[in-house]
Amino acid sequence: MDFELSSEQSALRDEIVRFAREELNDDLIHRDAAWKKCAALGIQGLPIPPEYGGAGADALTIMLSMEALGYGCRDNGLLFSLGAQMWSCEMPIVRFGTEEQKGRYLPGLSDGSLIGVQCMSEPDTGSDAFALTTSAVVKGDRYVLNGAKTFITNAPIADVFVVFASTDLAKGFAGLSAFLVDRQTAGVSVGAPFHKMGLRTSPMSEVVFTDCEIGPDHLLGPESAGAAIFNHSMDWERSCILANTVGSMQRQLEACVAYAKERRQFGQPIGKFQAVAHRIVEMKLRLEAGRLLLYRLGWLKREGKPAPLDSALVKLYLGESFMQSSLDALQIHGGYGYLTESELEREVRDAVASRIYSGTSDIQRNLVASHLGL
């Protein structure tokens, strides 16, 4: 396994860091312009094949790119929304879409003219994803969707929804199918944005389908293939959704080292006190271990090797590490870190969600245990 970046990967990383620092850190409330700037650079198109307007990048290159975004950009909400589209909307279409579906959606998702979202979670189903009750009943040559989805990232601004619904409730997960539904379709209603503790620049809301009729050309993959489609997208999401946190933890570490050298108490820099220095060492250890786990997973996926255990480990470790390192960064800065102006308290609030979305830390532990035969 070679960890040396190619000259192209190094140049891409440097360009993304420069872009993120200069273009993505002002006016964090208004994200529409930032979304389109990212698309113009090619971020959303990274996983999309070139024939549909994307870059067709391999997994490791995509992870490096998202890490660079996390290092240069302080808006975790924007990065989470970008990842949600790339892994839960784009990848299912890339892998399971027909040529017509790919041509209809992928160019727009790549150039930023379309925003995509996945609709899986329901008011009564979260971690128990396959217990959903949204139905897709055949009516002549149409499917009729009925049901409610919640905690849907990007829903308030989305143009296209990857919707999971049951075409046969009696079969449970085996009766699950996936559909591509346009926002303007009759019977689709999007709720008001949720007010959240963190990731506030990533819009989220309910989506309700009421007698929503769609044609068979909106079926993604074969009927009853929904479980396979969802598992495929979740493997990618677990693998890549927290790649940006590696860059964020690098940025946090550098800020803490600089502050520990500059801030003086009791006649010396606070970095000379073991309580502070050891906290920073733990931040460094989490960063390097997380980066190695991420890069190894990227290499495995690039080589076409199955890596469900590794993706669960990456999601678990990076989620827990980003939370702890964000708390450590705030603690090192003391009262100044608690102030809104420091932006450290916002990073703590954002980091909490990394232990919840895309499968909670507890679910990841269950997945790892099952792969160990427990």
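This is a predicted model: local features need pLDDT of at least 70, side-chain atom pairs count only at pLDDT 80 or more; totals for chains, interfaces and linings use all residues.
Residues are numbered from 1 along each chain as its sequence is written. Local features need pLDDT of at least 70, side-chain atom pairs count only at pLDDT 80 or more, totals for chains, interfaces and linings use all residues, and side-chain values use heavy atoms, with hydrogens and water left out.

Asn 154 is placed in the loop between strand E3 (142-153) and strand E4 (160-166); helices (H or I, at least four residues) and strands (E, at least two) are DSSP runs, numbered from the N terminus. Asn 154 counts as buried because its relative accessibility is 0%; buried means under 20% relative accessible area, exposed over 50%, and partly exposed in between (1.4 Å probe, protein chains only). Leaving aside residues up to four places away in sequence, Asn 154 touches several residues, among them Trp 35, Ile 115 and Pro 203, where contact means heavy atoms within 4.5 Å.

Side chains of opposite charge can pair when their charged atoms come close. A salt bridge is a side-chain nitrogen of Lys or Arg within 4 Å of a carboxyl oxygen of Asp or Glu, and by this rule the count comes to 22.

One of them joins Glu 100 and Arg 104, whose closest N and O atoms are 2.4 Å apart. Both residues lie in helix H5 (residues 99-111), four residues apart, about one turn of the helix. Glu 100 is partly exposed at 44%, and Arg 104 is partly exposed at 25%.

Another salt bridge links Lys 149 and Glu 122 (3.0 Å, N to O). Lys 149 lies in strand E3 and Glu 122 in the loop between strand E1 (116-119) and strand E2 (135-139), so the pair ties together parts that are 27 residues apart in sequence. Both Lys 149 and Glu 122 are buried.
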